[in-house]
Amino acid sequence: MSEQMQRQIEELETKLAFQEDTIEQLNQALQSQQLQLDIVQQQLKLLAAKIREGGSSPVASQSEETPPPHY
């Protein structure tokens, strides 16, 4: 095998190793984002259920509001 061909093979092996590492990093990032998405979806479902139940609002109704002070 010629020296040039050996160099090309080594270069291809290096590129392949880099690509495999990049793919693994992307896979880990995707898994992390999917976990976060699952958590957000669950929280959204709980919030929607609470709203449907007529859960208490942090904002008082107009009749419960105290009148503003007059100067």
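**Figure 1. The Glu11–Lys15 pair in helix α1****.** At 48% relative accessibility, Glu11 counts as partly exposed, a class lying between buried (under 20% relative accessible area) and exposed (over 50%), with a 1.4 Å probe and protein chains only. The model is predicted: local features need pLDDT of at least 70 and side-chain atom pairs count only at pLDDT 80 or more, whereas totals for chains, interfaces and linings use all residues. Residues are numbered from 1 along each chain as its sequence is written, and side-chain values use heavy atoms, with hydrogens and water left out.

**Figure 2. The salt bridge between Glu3 and Arg7****.** The side chains of these residues meet with an N to O distance of 3.7 Å. Glu3 is exposed, at 63% relative accessibility, while Arg7 is partly exposed, at 49%. Because Glu3 and Arg7 are 4 residues apart in helix α1 (residues 3–52), about one helical turn separates them. An α-helix has 3.6 residues a turn, so residues three or four places apart point the same way. A search of the whole structure finds 2 salt bridges.

**Figure 3. Thr14 and the backbone of Glu10****.** Thr14 is found in helix α1 and counts as exposed, with 54% relative accessibility. A polar atom of the Thr14 side chain lies 2.9 Å from the backbone oxygen of Glu10.

**Figure 4. A nonpolar surface patch of Met1, Met5 and Ile9****.** Together these residues have about 320 Å² of accessible area, computed by the Shrake-Rupley method with a 1.4 Å probe, only the protein chains shown counting as cover for residues. Patches consist of residues with over 30% relative accessible area and no salt bridge; like charges are joined within 9 Å and nonpolar side chains (Val, Leu, Ile, Met, Phe, Trp, Tyr) within 5 Å. Met1 is located in the segment before α1 and is exposed, at 75% relative accessible area.

**Figure 5. Helix α1 and the residue Gly54****.** The protein chain contains 1 helix and 0 strands, these being DSSP runs numbered from the N terminus (helices: H or I, at least four residues; strands: E, at least two). Helix α1 has 50 residues and reaches 73 Å from its first C-alpha to its last, close to the 74 Å expected at 1.5 Å a residue; the expected span is 1.5 Å times one less than the number of residues. Just after α1, Gly54 adopts a positive phi of about 80°. Buried residues make up 0% of the 71 residues in the chain, which exposes about 7,200 Å², with carbon and sulfur atoms supplying 58% of that area.

Key
A salt bridge is a side-chain nitrogen of Lys or Arg within 4 Å of a carboxyl oxygen of Asp or Glu. A polar contact is a pair of N or O atoms within 3.5 Å; within protein, one must be able to donate a hydrogen and the other to accept it, and residues adjacent in sequence count only if both atoms are side-chain atoms.
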